[in-house]
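Visitor: Could you walk me through some of the labels used for this structure and tell me what stands behind them?
Guide: Gladly, let us have a look together.

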Amino acid sequence: TCAFAGQKKVLAAYEEAVKCGYSGARAGRLHTPHGVFDTPMFMPVGTQATVKAVSPRELKEMGAQIILSNTYHLYLRPGTELVAEAGGLHRFMDWDGGILTDSGGFQVFSLGPLRKITEEGAAFRSHIDGSTQFLSPEIAIKAQMNLGADIIMAFDECIPYPAEYQYAKLSTERTTRWAERSQKAHTRSGQALFAIVQGGMYQDLRRVSANDLVSLDFPGYGIGGLSVGEPKPVMYEMLEQTVPLLPENKPRYLMGVGTPDCLVEAVRYGIDMFDCVFPTRVARNGTAMTKSGRLVVKNAAYAKDFLPIDENCGCYACQNFSRAYIRHLLKADEIFGLRLTTIHNLYFLLDFTKKMRQAILEDRFLSFREEFLAQYCK
Ligand SMILES: Nc1nc(=O)c2cc3nc(NCCN4CCCCC4)[nH]c3cc2[nH]1
Ligand SMILES: [Zn+2]
């Protein structure tokens, strides 16, 4: 096991990671000001200070440990100073578990139309009111200190896919300079600042990015610039190049991933933390996640199906309601229908990472992965 080495200035520490077999899979515990959390972990996404359609009480009940929120959105609305005046994001949204905020590095490039990137930062137009806005490492870090999350992310550029080698090289070098500026601007003790590895889909740039950020010594590392439309084998290859270069005793967070098949592969490479809007987003169009793939509850086939979505699922939806009932609600545009599919999908992924952790601790992760992939149709 890798004992936790003392880290200056931070609490997102990594304790007792248990290696499993010859895979890089490990089960660890993440220390934050709001508790100690088990990894591998899935983090439900609450972009605008709410995980859509579910309450903090329901999140707690289904086993959520850390939830994600977005600096880009909260900076534009309601404003991060306002959240600070409200007592910070935990108070504002009544969540006493862990919170991780993304820095805006992805949202600016994926949401903000018309953007211009310079050494200083990124100029963009607000997707809300079209106003001209600007984010830099300093502004993004100050905004995240105002929000008061337990783990915050360095300001980076998520390189689009595909990208020319030269562009990926220059952007990755700039992201490393932005990481250093993020570090200098980060003065809030007790809050962990993670760097984000870039490098596009180029092995050498991925290695340079990882090595440069490791030498700047962060308490944890995000792996960015993936799940941006590249084929899954390319994503796995980038993980294979990057993860081994990151310190064993620090958490690795694969940003924006994902579906259960991606999670089980990424855990094998040594990833500890995941976030994705996928479970909450597909829930809102009536799709439920199961261990054999997706189940579109809205389909006519389930009109008289009085079984739950998944008979072996312990979630509130599966314990109390049938497919026929949920389908009826969805067809009738009843909000409760979306809530039930969302509760199920979040529970499914939270439970899935719990099952992976258990398999790692019992040294049977590789057979767990085999069995799961055999049953799961993508
Ligand atoms: N700061 C930052 N840097 C990144 O490179 C990054 C890379 C990311 N890649 C994704 N992928 C999300 C893909 N998602 C899948 C489900 C449907 C909506 C899009 N999210 C990301 C977030 C990111 N955040
Ligand atoms: Zn369920």
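Guide: Let us start with helix α6, residues 137-147, which is mostly covered, as eight of its eleven residues are buried. Please keep in mind that this is a predicted model, in which local features need pLDDT of at least 70 and side-chain atom pairs count only at pLDDT 80 or more, while totals for chains, interfaces and linings use all residues. Residues are numbered from 1 along each chain as its sequence is written, chains are lettered from A and ligands numbered from 1 in the order in which they are written, and side-chain values use heavy atoms, with hydrogens and water left out.

Visitor: Which residues of α6 are buried?
Guide: They are P137, A140, I141, A143, Q144, M145, N146 and L147. Just after α6, G148 takes a positive phi of about 80 degrees. As for the names, helices are DSSP runs of H or I with at least four residues, strands are runs of E with at least two, and both are numbered from the N terminus.

Visitor: Why is S171 called buried?
Guide: Buried means under 20% relative accessible area, exposed means over 50%, and partly exposed lies in between, using a 1.4 Å probe and protein chains only. S171 has 1% relative accessibility, so S171 counts as buried. This serine is found in helix α7, and, leaving aside neighbours within four places in sequence, S171 is in contact (heavy atoms within 4.5 Å) with E157 and I159.

Visitor: What makes H90 count as buried?
Guide: The relative accessibility of H90 is 12%, so H90 counts as buried too. H90 is found in helix α4, residues 89-92. Not counting residues up to four places away in sequence, H90 touches H34, W95, D96, G97, G98, I99, G148, A149 and D150.

Visitor: Which residues of α8 are buried, and what puts them on the same side?
Guide: L205, R206, S209, A210 and L213 are the buried ones. They cover an arc of only 130 degrees around the axis, which puts them on the same side of α8; the arc is that of the directions from the helix axis to the C-beta atoms. Their cover includes α7, β11, β12 and α9.

Visitor: Why are α10 and α14 called roughly parallel?
Guide: Angles under 35 degrees count as roughly parallel, over 145 as roughly antiparallel, 65 to 115 as roughly perpendicular, and the rest as oblique. Helices α10 and α14 pack at an angle of about 30 degrees, with their axes 11 Å apart, and are therefore roughly parallel to each other. Here axes are lines fitted to C-alpha atoms, for helices over the stretch in contact, and angles run from 0 to 180 degrees between N-to-C directions.

Visitor: What makes α13 oblique to α14?
Guide: Their axes come within 7 Å and cross at roughly 130 degrees, and that makes α13 oblique to α14. In this pair, Y325, I326, L329 and L330 of α13 meet F336, G337, L338, L340 and T341 of α14.
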